[in-house]
Structures are given as structure tokens and as C-alpha cells.
Amino acid sequence: MIWPLYFIIGALSAFWLVWRYQNRRMIAMASKIVGPPAIPLLGNALLFMGQPEQFVKLLRDLTTKYGSVFKLWLGPDLNIVVSDPDDLKVLLATPKTNSKGPQYKYMADLLGGGILSGSGPTWRKHRKIATPNYGKRAIETYSEVFNKEVNILMEKLRIKNSEPFDIYYDIVRCTSFTVCQTLMGLTREEATTLPHLEEIIDKTQCEYDVIFQRMTKWYLQIDPVFWASKQHSEQKRFMSIMEEFSEKILQHRLEKLKNLDDSKRDLMNSEDDAVINTQLSVIDRFILSQELDQDELVKETFTIFTSSQEASAKISSFLLLMMAYHPECQAKLYDEIKTVIGNDDRCLTDKDLKKMPYLEMVFKEVLRLFPIGAILQRTVNEDIEISSCTLPAGSSLVAPIYHLHRDPRFWTKPEYFDPERFNPENTNNRNPNAYVPFSLGPMDCLGRFFGTKLVKTICVRVLREFELTSPETYDDLRVFISVSVVSRNGFPVSLHRRKK
Ligand code: HEM
């Protein structure tokens, strides 16, 4: 009976020795970098067995103990956690880290190896095809849809009483319909009849939880263990509805593209940041490029949807929750809104938003505390020298953005919500690299202008009409990381109509 056990131990030891021999250069270079003691095969993976809330504390404690650069072995993956802002700027911007890290493969299971979770030629090709729809000028054309969808959101909010409710669910519907009619190119009618739309909207966070658990729990990275888990059946169900959802979107666009005139087809050759580019949707561009097979089209369609509606809804909800928690900031922002747009419930323009500096400060403070890319990982393709060490080729760079944004070396009272950090004087006195909400370099956020404008449009319209309170206080807020930052208790707010 004992022989099978000897066999397994022997096979694992042989694997470990061969692996050490093949990676001896990386291991030798890693030995010069500090980090917690690792055990054979698992490395430091056992440190990550706790609850999601403990993950934030764990990384903070390790940074306190080992400093701005330290190593963590997750099984055979050497992760180098860098929280020095100047090093991070160099590391995220260099082409030597122009590939997503190995943990993104769990995201790629769902989204394919394309624009959000992929690397190399596929990522480059997809990013190039999609880019014309995301530029500063291109998104000017989306103002009408943004405002129209916010009108519908406002109608829903007007019929609520002053009982607390989780505002995220109304907002994420608004952002989802907005994305369908802009980046995806659907009519509202087509969007409302998409199969499983409601279920997808409601289950997206659960799916990100599964992905993040696989990224951080070593035993879920063993395929047979994952296949036997309940997370796998949840993921399978989600993937099947996601496929039907995306296929329907593609079907709508293929139908429209049958009658596409040549002038629009020529837009495929334009890479300028121009208003005219949005006459083709991102999905149209993927189809017309003929570069993607059917599976890639399905997954990239869902990626375009989920990367935009979820992030914008989450940041809008955090911003409104922060206003409910901080009445003095809300009053200041309301004064600014009233000065710029008066009492009318009119559509917002880009010009209006530009005249609201305090809104920009509040938005930045929300992104500091609740970043969408809370922890980023990149593969180091060639050795890179930084101030304190050399990151060896084959290792992974980990950028702990959440922790950088709360690092007391750069932020006084980092846990406090204080938009004044972003007034011109305070901004000038701080290291600019300590704030990277949209990441940096060639793999930075493609949707920063889209997201910024949509979040601001939603929040200004809601705050213009309602004063927000919450049954909870900022001290009650519990957040954890699950790809992005998640609020344990959701976004509970009450709405009170303002007097005209
Ligand atoms: C408003 C809040 C948003 C924030 C703070 C944010 C932040 C980020 C960050 C940090 C990344 C890098 C992720 C990584 O390397 O793992 C990223 C990537 C990306 N974001 Fe956003 N995002 C936001 C909204 C959006 C929106 C609205 C869209 C689409 C319209 C979008 C599209 C993308 C895409 C396509 C990528 C992948 C880029 C690439 O790897 O080439 N994001 N975002």
C-alpha cells in the first residue's frame, strides 16, 4: 500500500530537481532578492490560503517586512513585488514586460487570450483593431447615448422611496445598455432582447471571484481539483450563457454589415483619434478585419462588454457611496454642479465636465482608494535592472497598485477619503508615479476616456437631483480584492430629492 506513495514522492522530487536545474539561472538571481522563506514545490503558496480580506493585509505586511522589492514563489512562478513608484514606472512602460503574467491564464479561460488577458501578436493585433473607438475625440459621439441612458436611470431612481438600496444594480444596467449602443453598435431594442443579459450582469462579479480564487489559491490551479469544484460548474454555466449572448451580438452586427457602404469600410484603414471612427463599432472592426476566428470573436465581444460596463458601474457606485459617507464633499460637489449646469435636468456636454475641477478631484480620489486593476502582473521577457536588483527573465513583475495608492510614504492618512489630495498644490508636491489608476505603458487601460466620461455623466446627473445618505459610515466599509476592489456590503445609499 505504501508503494504508490513512494512513487508519488519520487516523481515529485524528480520533477522538482529537473525544474531547479533548468531554471538555475533564474533561481540564482532570485536568491539575491529578499522574501519570505519558501518550501519545495509550493513555494509561498500556502500564505494565500486565507479569506479575501486577509490578502490585502498579507501583501501590506510583507511590504512592511521586506521593503519595496521582494520575491514570492507561487509554485514554480517567481513573482517580484515592486512597490517603488519610480521603479514601477520604468517596469510597466518597458517593452520587456509587454506580456501579461501567468495568472492571467485563468482570466483567459473565460475571455480568450485577447485584448484584456492576452499578450504577444494576438493582443497587439486586437488592441490595434479596437483602438480607434476609444480615443478622446472618438468618444465625443457617445454623449447622446450616455445622456439618454442616464435619463432612463434617473426615471428608475425617481420612483424609489428614501429606503436604503444598493445603487450598483441600477447603475450597472445603465452602463451595460450604454456599452451595447456605443462600443458594440446595437440599437436599444436589440440590446434589450439579448439572451441572458440580466443574468450576465448579475453574475459577473461571481465569475471574477472564481477567476481571482484560481489566481491566488494553489490547489484550484490543479486542473482536476478545479474540475471537481463547484466553481468549475459555475464557470461552465457562465461560459455557456456568455457564448449565446455574444453570438447574438455578432449576428446583429453581421446582418448590418451586409449593407455596409464602401466609405465606411475605408474607416478600417484609419487609426486617427477622430469622431468619424465610431461609424464602425468595435465589434464591426473585429468582424471586418477577418483576423479573428469564431471563438475569438465570441470571447472578444464579451471582453469588450465586460471590461467597460462593470468597471464604469463600480467606480460610479463607489463615487456616489463616498459622497453619501462624506456630506461636506457632497455639498461642495453639488455647488460646483449647480454653478455649471444650473437647476435644469439637461444633458451634459464635454464642455460642462471640463468646468468641474472638484469633480475631477473626487473622481481621482475614488480611483486611488478603489482601483479597478488592484494588482497587476507582467511577465519579464528579458532581465531588467532596477535601483535595488535585477528582475530575471522568466520571472513575473507584480505591481500592487492598491497598496501603492495607500502607501504612507506618499499619502498622508492614506485610508482617509480626501479629494484635496488632488488639488494642484498637493499634486505638485507628490511623486506622480505613486498614482497609476489606469496602469502605464503599452498595456494601459484602453477605456480611460470612455470610463471617465461615463462615470462623471452618471454621477453629476444623480447628484444634481438627489442628496445621498447611507445607513452606514465610511468606517463600516469593508473592501477586498477580487481582480478589482469589491465592497463587501455593496453600495447602500438612500436618495432624497433636492429642492429646486
Ligand atoms: C473607469 C474606470 C477604469 C479603470 C480605473 C480602469 C483601469 C484599467 C487598468 C488598471 C487596466 C490594466 C489591467 C491589467 O494590466 O491587468 C485596464 C485595462 C483595460 N481596460 Fe480599463 N479601466 C476602467 C474602465 C475601462 C472602460 C470603461 C473600458 C472600456 C471602454 C476599459 C477597457 C480596458 C481594456 C480593453 C483594457 C486592456 C488593455 C490592454 O491590456 O491592452 N477600461 N483598465
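An open sheet of three strands has the order β3-β11-β8, with antiparallel pairing. β3 (165-166) and β8 (466-469) stand at the edges with a single partner strand each, so one side of each lacks a neighbour in the sheet. Strands here are DSSP runs of E with at least two residues, helices are runs of H or I with at least four, and both are numbered from the N terminus. Two strands pair if DSSP finds at least two bridges between them. The model is predicted: local features need pLDDT of at least 70, side-chain atom pairs count only at pLDDT 80 or more, and totals for chains, interfaces and linings use all residues. Residues are numbered from 1 along each chain as its sequence is written.

Four bridges link β8 to strand β11 (residues 492-497) in the antiparallel sense. F466 stands opposite R497 in β11.

Strand β7 (residues 396-399) pairs in two senses. Strand β2 (residues 77-82) runs parallel to β7, joined by three bridges. Strand β4 (residues 376-379) runs antiparallel to β7, joined by four bridges. V398 in β7 stands opposite V81 and also opposite Q377. Both faces of β7 are covered. S396 and V398 are buried on one side, and L397 and A399 are buried on the other. A residue is buried if 20 or more other C-beta atoms, placed from the backbone, lie within 10 Å of its own, exposed if 12 or fewer, and partly exposed in between. In a regular strand, side chains alternate between the two faces of the sheet.

C445 is listed by UniProt under "binding site" in an unreviewed entry. Such annotations use the numbering given here, with feature names shortened, and may be inferred rather than shown by experiment. C445 lies in the loop between α20 (424-428) and α21. With 18 other C-beta atoms within 10 Å, C445 is partly exposed. Beyond its neighbours within four places in sequence, C445 is in contact with F438 and S439 (C-beta atoms, placed from the backbone, within 7 Å).

The largest nonpolar core has 122 residues. Such a core is a set of buried Ala, Val, Leu, Ile, Met, Phe, Trp, Tyr and Cys residues joined through C-beta atoms within 7 Å. M184, L319, L320, V366, I458 and L463 touch the most other members. α15 contributes the most to this core, with 16 residues. Leaving out residues up to four places away in sequence, L463 touches M323, Q330, L333, Y334 and I337.

Positive phi values occur in residues other than glycine at L41, near 65°, and at V483, near 70°. L41 is placed in the loop between α2 (24-30) and α3 (52-66). V483 is found in the loop between β9 (479-482) and β10 (484-487). L41 is partly exposed, with 15 other C-beta atoms within 10 Å. V483 is partly exposed, with 19.

How values were computed: Two residues are in contact if their C-beta atoms, placed from the backbone, lie within 7 Å.
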